[in-house]
Amino acid sequence: MKSLRKLLKKKKYFKIPLKKIATNHFQLKVKINGIKGRFILDTGASNTCVASNLIQYFNLLAEESETKAAGAGATDMETQVAKNNVLQIGKWQTDKSHIVLFDLSHVNTALNQHNAKEVHGIIGADILHKSKALIDYNQEVLYIKKLKKNKNK
């Protein structure tokens, strides 16, 4: 595993610690518009999401959306979208993050049932792709590629 870490470091990746919670999800700290939040890492979620009741908390400008959200245990949920937000994970940052907003109470109810802390949102495949992320499940680490100046927009 040391050779993988060395290779990733050489390729300008840095690591973000992940915390495995009771539901076997990985949790990480994220900042949106400078505000800290607790997020689940979900490779199966197509978009990064924030709970709709936290629009003001993260200083989001929400717009109506025609898209319906679906997830584990919930379907056909109304959504809003907030465009061009600053999203930061460790040293990696983008100021063009589009965030889907919808009711995440079903997610937090499931977390509560497993004695896990509630989350503010979900980091989805959009950000994982944009950051060229690699997940080391064994070491519980997320590797993110450092961006060249003006390439993170």
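Visitor: Which residues does Val-50 touch, leaving out those up to four places away in sequence?

Guide: This is a predicted model. In it, Val-50 touches Ile-32, Phe-39, Phe-58, Leu-60, Ile-99, Val-100, Leu-101, Phe-102, Leu-104, His-120 and Gly-121. Contact here requires heavy atoms within 4.5 Å.

Visitor: What makes Val-50 stand out in the largest nonpolar core?

Guide: Its contacts. That core has 38 residues, and Val-50 is among those with the most contacts inside it. As a general rule, nonpolar side chains in soluble globular proteins tend to be buried together.

Visitor: How many aromatic pairs are there?

Guide: The count comes to 3. Take Phe-39 and Phe-58. Their centres are 6.1 Å apart, with 55° between the planes.

Visitor: Where in the chain do Phe-39 and Phe-58 lie?

Guide: Phe-39 is in strand 4. Phe-58 is in the loop between strand 5 (49-51) and strand 6 (62-71). They are 19 residues apart, so the pair links distant parts of the chain.

Visitor: Why is the pair of Tyr-57 and Phe-58 called edge-to-face?

Guide: The planes stand at 85° and the centres are 4.8 Å apart. Phe-39, Tyr-57 and Phe-58 form one aromatic cluster.

Visitor: Is Tyr-57 buried or partly exposed, and how do you know?

Guide: Tyr-57 has a relative accessible area of 40%. Buried means under 20% and exposed over 50%, so Tyr-57 is partly exposed. Phe-58 has 0%, so Phe-58 is buried. Phe-39 is buried too.

Visitor: What makes you say that the charged end of Lys-91 sits over the ring of Phe-14?

Guide: The charged end lies 5.4 Å from the ring centre. The distance limit is 6 Å, and the charge must also be within 35 degrees of the ring normal. Lys-91 counts as sitting over the ring of Phe-14.

Visitor: How do you know that the buried residues of helix 2 share a side?

Guide: In helix 2 (residues 105-113) they are Val-107, Asn-108 and Leu-111. They cover an arc of only 90° around the axis, which puts them on the same side of helix 2. What covers them includes strand 4 (35-41). Just after helix 2, Asn-115 takes a positive phi of about 60°.

Note on methods:
Residues are numbered from 1 along each chain as its sequence is written. This is a predicted model: local features need pLDDT of at least 70, side-chain atom pairs count only at pLDDT 80 or more; totals for chains, interfaces and linings use all residues. Side-chain values use heavy atoms; hydrogens and water are left out. Buried means under 20% relative accessible area, exposed over 50%, partly exposed in between (1.4 Å probe, protein chains only). Helices (H or I, at least four residues) and strands (E, at least two) are DSSP runs, numbered from the N terminus. The arc is that of the directions from the helix axis to the C-beta atoms. A nonpolar core is a set of buried Ala, Val, Leu, Ile, Met, Phe, Trp, Tyr and Cys residues joined through side-chain atoms within 4.5 Å. Rings of Phe, Tyr and Trp (its six-membered ring) pair if their centres lie within 6.5 Å; planes under 30 degrees apart count as stacked, over 60 as edge-to-face and the rest as tilted.
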